[in-house]
Amino acid sequence: MKEIIKERAAQIDKALNEYLPSRDNPQSVIYDAMRYSLFAGGKRLRPLLMLETAKMCGGDENEIIPFACSMEMIHTYSLIHDDLPAMDNDDLRRGKPTSHIKFGEAIAILAGDALLNKAFEIVSEYNGANPQRTIKAISVLANSSGTEGMIGGQIVDIESEGHTISSDKLEYLHSLKTGAIIRSSCVIGALLSDATDEKINAVDEFAKNLGIAFQIQDDILDVTGTEDELGKPIGSDAEENKNTYVSLFGLEKSKELSALYSGKAKDALSVFGDKAEFLSQLTDYLINRKK
């Protein structure tokens, strides 16, 4: 599994480099900052999910690459902004100084903004075989990263700091903050592969549960992991008085919930039969990861 993820990451990195080359112009620092965070490492999970979902649905993976790269740019922009002093105030990301430490707050903010803009520049130029599906995919991408998706979840997270919230609200928070772009990654892969409504709904159900399981494992790692493994400070959630699955349910119950949601995710793929084997294995890998 690690080797396949590594190969996929290299494939995405090559395409990202083509979409976002270095520039030698008066504003070259913004390209430096964008590339610094975009190529800082990571599993390229969201593009991986998009490409593998497309493969499972019988689509042409090469046609999905522009959307996969756009999704990674959106994810990276969110990390840059998440690390800012006004948000999580983190100094390390993937073992390297965060963008605002490296370039200053102003450039970091603009680098995040620029990555978001670049993402939609790429998909707006996409020439797919099915224009209606392309427009729908762009809409899904925008919605999942906006106020009813990732940004909305971030708002709920910020406003919940220092307050104990219900398990339903915690799930709602993470279904938006973490889960929304995981879901849209998979749904876009299915959409652009001309999957049936039944299969798109199954993919959405898979990704919805995977997103929650993935977040629970993140919360677990913030307690059990090490800074060397994670490439960022551990215990930051507790220091910031954030609501997590571990703070609400405890460590052992959180592990049970992670297994429960990952099981639901895999069950949702039954309609695909053997074609879902990779995504099923990936689900197990993600909830057993150490970083």
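Predicted model: local features only at pLDDT ≥ 70, side-chain atom pairs only at ≥ 80, totals over all residues.
Q: How are helix 9 and helix 11 oriented to each other?
A: Let's start with the geometry: helix 9 (residues 167-177) packs on helix 11 (residues 197-224) at an angle of about 105 degrees, with the axes 9 Å apart. An angle of 65 to 115 degrees falls in the perpendicular class. Helix 9 and helix 11 are therefore roughly perpendicular.

Q: How many residues of the contact of helix 9 with helix 11 are nonpolar, polar and charged?
A: From helix 9 come E171, H174 and S175, and they meet I212, Q215 and D219 of helix 11. Sorting these contact residues by type gives one nonpolar, three polar and two charged.

Q: Are helix 3 and helix 11 roughly parallel or roughly antiparallel to each other?
A: The axes of helix 3 (residues 45-56) and helix 11 come within 13 Å and cross at roughly 155 degrees. Angles over 145 degrees belong to the antiparallel class. Helix 3 and helix 11 are therefore roughly antiparallel.

Q: Is the crossing of helix 3 and helix 11 left-handed or right-handed, and which residues of helix 11 make the contact?
A: As for its hand, the crossing of helix 3 and helix 11 is right-handed. On the helix 3 side, the contact is made by L45, R46, L49, T53 and M56. The residues of helix 11 that make this contact are V203, F206, L210 and F214.

Q: How do the residues of the contact of helix 3 with helix 11 divide by type?
A: Helix 3 brings L45, R46, L49, T53 and M56 to meet V203, F206, L210 and F214 of helix 11. They divide into seven nonpolar, one polar and one charged.

Q: Is S262 buried or exposed?
A: S262 sits in helix 15 (residues 251-268). Its relative accessibility is 3%, and under 20% is the cut-off for burial. S262 therefore counts as buried.

Q: Which residues does S262 touch, not counting those up to four places away in sequence, and which backbone oxygen lies 2.9 Å from its side chain?
A: Leaving out residues up to four places away in sequence, S262 touches A213, T283 and I287. A polar atom of the S262 side chain also lies 2.9 Å from a backbone oxygen, and that oxygen belongs to A259.

Q: How many residues of helix 2 are buried, and which elements do they pack against?
A: Helix 2 (residues 28-38) is mostly covered, with eight of its 11 residues buried. Those eight are I30, Y31, A33, M34, R35, Y36, S37 and L38. The elements they pack against are helix 1 (2-19), helix 4 (61-82), strand 2 (96-97), helix 5 (99-103) and helix 6 (105-124).

Q: What is the phi of N89?
A: Most residues other than glycine have a negative phi. N89 lies in the loop between helix 4 and strand 1 (92-93) and is partly exposed, with a relative accessible area of 43%. N89 is not a glycine, yet its phi is positive, at about 55 degrees.

Q: Where is R94, and what is its relative accessible area?
A: R94 is a residue other than glycine with a positive phi, near 55 degrees. Its place is in the loop between strand 1 and strand 2. R94 is partly exposed, and its relative accessible area is 27%.

Notes
Residues numbered from 1 in each chain as written. Heavy atoms only, no water. Axes fitted to C-alpha atoms, helices over the stretch in contact; angles between N-to-C directions. Helix = DSSP H or I, 4+ residues; strand = E, 2+ residues; numbered from the N terminus. Parallel < 35°, antiparallel > 145°, perpendicular 65-115°, else oblique. Contact = heavy atoms within 4.5 Å. Nonpolar A, V, L, I, M, F, W, Y, C, P; charged D, E, K, R; others polar. Buried < 20%, exposed > 50% of the residue type's maximum accessible area, 1.4 Å probe, protein only. Polar contact = N/O pair within 3.5 Å; in protein donor to acceptor, adjacent residues only side chain to side chain. Left-handed = near helix turned anticlockwise from the far one by under 90°.
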